[in-house]
Amino acid sequence: MIAVGGGKTIDTAKAVAHNLSLPVIIAPTIASTDAPCSALSVIYTDEGVVDRYLFLPTNPNSVLVDTSVIANAPTRFLVSGMGDALSTWLEATSCQTKYANNFAGEKGSMTAYALAKLCFDTLLEFGYIAKVSNDANTVTPAFEKVVEANTLLSGLGFESGGIASCHAVHNGLTMLEPTHKYFHGEKVSIGVVTSLFLTDKPAEFIDEVYDFCESIGLPTTLAQVGLVDPSDEDLMKVATRACAEGETIYNELVPITPEAVFAAIKAADAYGKARQLV
Ligand SMILES: [Zn+2]
């Protein structure tokens with residue numbers, strides 16, 4: 001089985017190859033998610049809501065990335081991949097501190113946490129240059145680094161380090177239909193800014209993350225993922241789904257309730273909007 005395409009194609013090919021007991025080669029044409037390297041397919045309902053994670057016995061046999069192909073794809077895909085990758089270290093470090101399990105059901109290794117941190121640092125240092133390179137359909141060293149961060153570092157980091165609230169909030173957002181036309185990493189970006197308030201990060205760090213998101217065009221407000229003036233009732237649906245039994249949000253150190261998640265979503269959105277007015 002050979003998968004040529006983006007996250008949905010890749011996750012589908014990995015699952016089908018597993019069911020047919022075939023080896024699978026992944027050739028991403030965009031760097032929009034960390035799906036290429038992982039031993040995991042996310043299964044959605046026909047309505048576009050995240051249903052469950054399908055755990056596969058092995059990682060793909062081979063992953064081939066041609067950055068000249070990726071550079072000719074629309075920049076929005078690369079930026080979305082940075083949103084997905086931005087969550088990796090935040091979530092892995094929560095798992096590390098809490099001694100929570102990774103996707104193999106074990107505690108993460110030093111290597112996993114170090115790669116997750118390298119992923120985060122690479123994005124903050126080279127993300128903007130990579131975005132501009134993609135705008136010009138040009139492969140630069142910064143572009144190569146960010147494609148590696150989005151694909152390899154984020155993939156190894158999330159799978160071997162573990163995930164927490166950013167992806168749980170993403171899963172919650174899929175409950176609301178208007179978010180469906182937005183990419184995975186764009187919704188994860190809302191999960192990232194929500195996690196900053198949920199886990200009570202220092203103000204300076206919050207600003208650093210917002211600065212980065214704004215510089216490359218990652219969503220920091222709900223309106224930017226299709227939710228213009230959502231009702232409190234709808235946001236409680238998101239928060240409640242994020243806190244579903246068995247969700248990775250419980251890998252955070254703070255006490256988790258739907259009310260706390262609801263408050264963090266509202267705070268992150270308000271902060272994003274306030275910064276846009278300045
Ligand atoms: Zn993801």
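Which helix does V147 lie in? Helix 5, residues 141-161. Keep in mind that this is a predicted model.

Let's stay with V147. Is V147 buried or exposed? Buried: its relative accessible area is 3%, and the cut-off for buried is under 20%. Now the surroundings. Set aside the neighbours within four places in sequence, and V147 is in contact with A31, V65, T67, I70, L78 and L152. V147 and D66 are 81 residues apart in sequence. In space, C-alpha to C-alpha, they are 9.8 Å apart.

Next, helix 9. This one runs over residues 232-242. Which of its residues are buried? L235, V238, A239, R241 and A242. They sit on the same side of helix 9, because they cover an arc of only 165 degrees around the axis. So what covers them? The cover includes strand 4 (50-55), helix 6 (165-173) and helix 10 (258-277).

Last stop, the surface. M1, V16, L20 and L22 form a nonpolar patch there. Together, these four have about 320 Å² of accessible area. Take M1 from that group. Where is M1 placed? In the segment before strand 1, which spans 2-5. M1 counts as partly exposed because its relative accessibility is 34%, and that class lies between under 20% for buried and over 50% for exposed.

Definitions and conventions
Residues numbered from 1 in each chain as written. Predicted model: local features only at pLDDT ≥ 70, side-chain atom pairs only at ≥ 80, totals over all residues. Heavy atoms only, no water. Patch = residues over 30% accessible without salt bridge, like charges linked within 9 Å, V, L, I, M, F, W, Y side chains within 5 Å. Areas by Shrake-Rupley, 256 points an atom, 1.4 Å probe, with all protein chains shown as cover. Salt bridge = Lys/Arg side-chain N within 4 Å of Asp/Glu carboxyl O. Helix = DSSP H or I, 4+ residues; strand = E, 2+ residues; numbered from the N terminus. Buried < 20%, exposed > 50% of the residue type's maximum accessible area, 1.4 Å probe, protein only. Contact = heavy atoms within 4.5 Å. Arc of directions from axis to C-beta.
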